[in-house]
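Please read this briefing with the sequence and the model side by side. The points are grouped by topic and can be followed one at a time.

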Amino acid sequence: MTTDRRSWRTLRGLGPAAALAFREAPAQLGLLSGIALVGAVLPVAVTWLTKLVIDSVTAGTAIDVLLPKAIALAVLGALTATLPQLSQYFSAEAQRRVSRAAKDRLYRAVNRFPGLGRFEDPQFLNQLQVAEAANSAPAQLTIAAMQLVRNVITALGLFASLYLISPLIAGIVLVAALPALLAELALARRRVNTTLRLSPDERRELFYQMLLSDARASKEIRLFGTGDFLRGRMMRTMSEIHVARRALDRRELFVQSGLELFAAVVAGTGLVWAILAAGRGELTAGDIALFVAAVAGVQVAMAGIVSLLAQANEQLMIFNHYTVVLGAPPELPVAEHPVATPELRRGIVFKDVWFRYGDDLPWVLRGVTVTIPYGMAVGLVGKNGAGKSTVVKLLCRMYDPTKGRITWDGIDLRDLDPARLRDRVGAVFQDFMSYDLTAAENIALGDLTALEDPDRIAAAAVQADIHEVVEKLPNGYRTMLSREFAEDDGSDGTGVVLSGGQWQRLALARAFLRADTDLMILDEPNAGLDPEAEAELHARISTLRAGGTSVLISHRLGTLRDADLIVVLDDGAVTETGTHTSLLAGGGTYARLFTTQAKGYQSE
Ligand SMILES: Nc1ncnc2c1ncn2[C@@H]1O[C@H](COP(=O)(O)OP(=O)(O)OP(=O)(O)O)[C@@H](O)[C@H]1O
């Protein structure tokens with residue numbers, strides 16, 4: 001793509017950025033534009049008044065004529081001193097307001113992605129990281145545009161003043177600014193490209209940094225003594241980032257020093273000319289003062305224009321990544337007019353489902369054909385990596401099958417709105433979340449309508465057998481389940497950390513909040529539970545879910561023996577289906593696994 005076309009495409013972001021900024025901070029930006037206009041004419045007025053005062057003094061003008069000019073000069077000086085403070089205050093406020101809205105929009109867009117694919121795509125994650133830095137771009141861009149106008153007006157005013165004294169010097173000052181403009185634009189482009197290129201390394205550095213200060217990771221880090229190893233990797237990544245940044249800084253140093261030197265030579269030459277001209281009686285002392293101020297002023301204004309253009313260009317490029325993330329289509333095609341998700345009455349059917357996580361990755365499911373009949377408890381059994389959790393993720397439509405289809409009462413999951421489908425599903429994932437929030441919030445996240453309903457929350461906790469534990473916590477259901485954010489719960493600062501099994505029960509309570517959903521999925525809900533608790537849990541689930549449809553995954557096969565149907569997965573394919581009794585009688589994989597486990601228990 002040519003530079004021109006690239007610049008043009010970059011510029012297209014200006015309109016949306018300014019529109020967003022003015023919508024969120026109209027008063028602040030309105031005031032800033034007023035300040036910018038006053039600020040634009042101030043240097044010109046000060047320069048001319050200074051010349052007039054000096055000429056009056058050297059000509060011995062009467063004090064009553066001189067005094068008003070001096071007072072006016074003092075007033076303009078006071079304005080020149082205070083306007084930047086006002087401008088800074090309103091800029092900061094505008095940036096806060098606009099950043100807030102921009103961040104909100106960005107994460108609304110991120111929340112709209114229906115599946116998991118985007119969050120496993122490194123290219124998208126890099127773009128997201130750049131977009132996260134774009135929150136302040138709309139305000140900065142708009143303010144930069146105003147400052148640009150201000151500088152142009154100032155530069156024109158001073159340039160005209162300079163032109164009156166020496167058209168030649170005026171022309172040289174103007175031409176001298178052009179290389180600076182081009183160099184700064186090129187630097188800005190390089191800065192953004194470097195940021196984009198370093199994004200994976202910066203994410204990696206952050207990853208090590210977070211590991212080193214993460215309470216959960218610190219256990220293993222200390223046990224295995226990996227702290228220095230991880231720190232070393234973090235430092236190496238940081239050094240690599242610094243090498244790239246240093247190269248950029250060096251380039252900026254050379255380019256900008258060269259430009260400054262050039263500007264100083266132009267100004268110096270002009271000054272020598274002016275002094276010689278004054279010696280010949282062609283210029284007054286006031287003219288020299290005006291000349292010096294105008295050359296410096298034009299150069300400052302031009303340098304400002306150049307750096308503002310470069311800054312705006314950089315912000316625009318960052319903002320364009322922001323708009324790319326905002327406009328990224330859903331990675332799962334969502335039907336334009338989705339079919340309403342009906343209450344499950346017949347069942348869910350996998351028809352020759354093939355699935356892999358990426359085009360270059362191996363098949364995880366290979367032609368799975370299986371029915372989860374309505375009202376039945378289906379047990380999913382298989383070795384590690386057989387594809388059980390993948391089946392669960394496909395059931396919730398976190399991904400679409402690569403080939404084949406899954407139907408909900410005969411309707412392809414692709415024709416349903418994923419959000420409405422998930423309203424009908426309750427689940428405890430194998431890698432369930434433990435949130436650094438209060439106990440009540442940890443449960444209520446299963447169904448936010450229960451957030452202000454302590455009775456519903458407590459009922460779910462009773463079902464998951466965690467109510468008594470929570471009640472005894474220092475602050476009951478309002479106890480913060482974190483040592484990192486303990487002070488947020490309004491208590492005396494003691495946060496609590498639960499045990500693995502207790503967290504699991506809390507995750508179960510979260511799922512039980514949705515106990516009346518059409519499909520309940522429990523992916524190893526008992527891994528952290530003691531045997532008695534596990535037996536009790538299963539009895540409870542059967543009672544709770546009597547008549548409901550559920551999918552249960554467990555490596556403890558004894559817990560699945562009462563399932564209405566057991567499906568055995570092996571290397572991504574269904575190898576056996578039946579009841580516990582029929583599969584045992586069949587003498588296949590299930591029978592072998594079950595007998596091995598049973599023997600293990602008997603020998604204890
Ligand atoms: N997000 C992912 N990206 C790429 N590959 C994945 C992803 N998740 C799982 N896999 C791969 O898919 C295969 C099946 O994984 P899955 O978690 O479905 O197995 P599982 O039967 O649930 O295993 P386990 O009993 O250990 O929980 C594994 O080889 C795993 O490496």
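**Briefing on a predicted model**

The UniProt record, an unreviewed entry, places the feature "domain: ABC transmembrane type-1" at residues 36-314. The structure shown is a predicted model.

**Domains**

- The protein is divided into domain 1 (12-327), domain 2 (339-424 + 517-604) and domain 3 (433-516).
- Domain 2 is given as two stretches of sequence, 339-424 and 517-604.
- Between the C-alpha centres of domain 1 and domain 3 there are 49 Å.

**The open sheet**

- Four strands form an open sheet in the order β2-β1-β4-β5, and their pairing is antiparallel.
- The edges are taken by β2 (365-373) and β5 (411-412); each has a single partner strand, so one side of each is left without a neighbour in the sheet.
- Strand β1 (residues 347-355) is joined to β2 by six bridges, and the two run antiparallel.
- Within this pair, I348 stands opposite I372 in β2.
- Helix α11 (residues 388-395) packs on the sheet and touches β1, β2 and β4 (403-408).
- The direction of helix α11 makes about 120 degrees with that of β1.

**A parallel pair**

- Strands of a sheet pair through backbone hydrogen bonds, and the pairing can be parallel or antiparallel.
- Strand β6 (residues 425-428) runs parallel to strand β7 (residues 519-523), and four bridges join them.
- In this pair G426 stands opposite M520 in β7.
- In a regular strand, side chains alternate between the two faces of the sheet.
- Are the residues on the two faces of strand β6 buried or exposed? V425 and A427 on one side are buried, and so are G426 and V428 on the other, which leaves both faces covered.

**Nonpolar cores**

- The largest nonpolar core has 67 residues, and I443, A509, I521 and I566 have the most contacts inside it.
- Helix α16 (residues 500-512) gives the largest share of this core, six residues.
- Domain 2 (339-424 + 517-604) and domain 3 (433-516) each supply at least three residues to this core.
- Which residues does A509 contact, leaving aside its neighbours within four places in sequence? They are I443, A460, A461, Q463, A464 and I466.
- A second, separate core has 55 residues, among them A25, L29, M302 and F319.

Note on methods: Residues are numbered from 1 along each chain as its sequence is written. This is a predicted model: local features need pLDDT of at least 70, side-chain atom pairs count only at pLDDT 80 or more; totals for chains, interfaces and linings use all residues. Two strands pair if DSSP finds at least two bridges between them. Two residues are in contact if their C-beta atoms, placed from the backbone, lie within 7 Å. Axes are lines fitted to C-alpha atoms, for helices over the stretch in contact, and angles run from 0 to 180 degrees between N-to-C directions. Domain bounds come from an automatic or database domain assignment. A nonpolar core is a set of buried Ala, Val, Leu, Ile, Met, Phe, Trp, Tyr and Cys residues joined through C-beta atoms within 7 Å. A residue is buried if 20 or more other C-beta atoms lie within 10 Å of its own, exposed if 12 or fewer, and partly exposed in between; C-beta atoms are placed from the backbone. UniProt positions are given in the numbering used here, feature names are shortened, and annotations may be inferred rather than shown by experiment.
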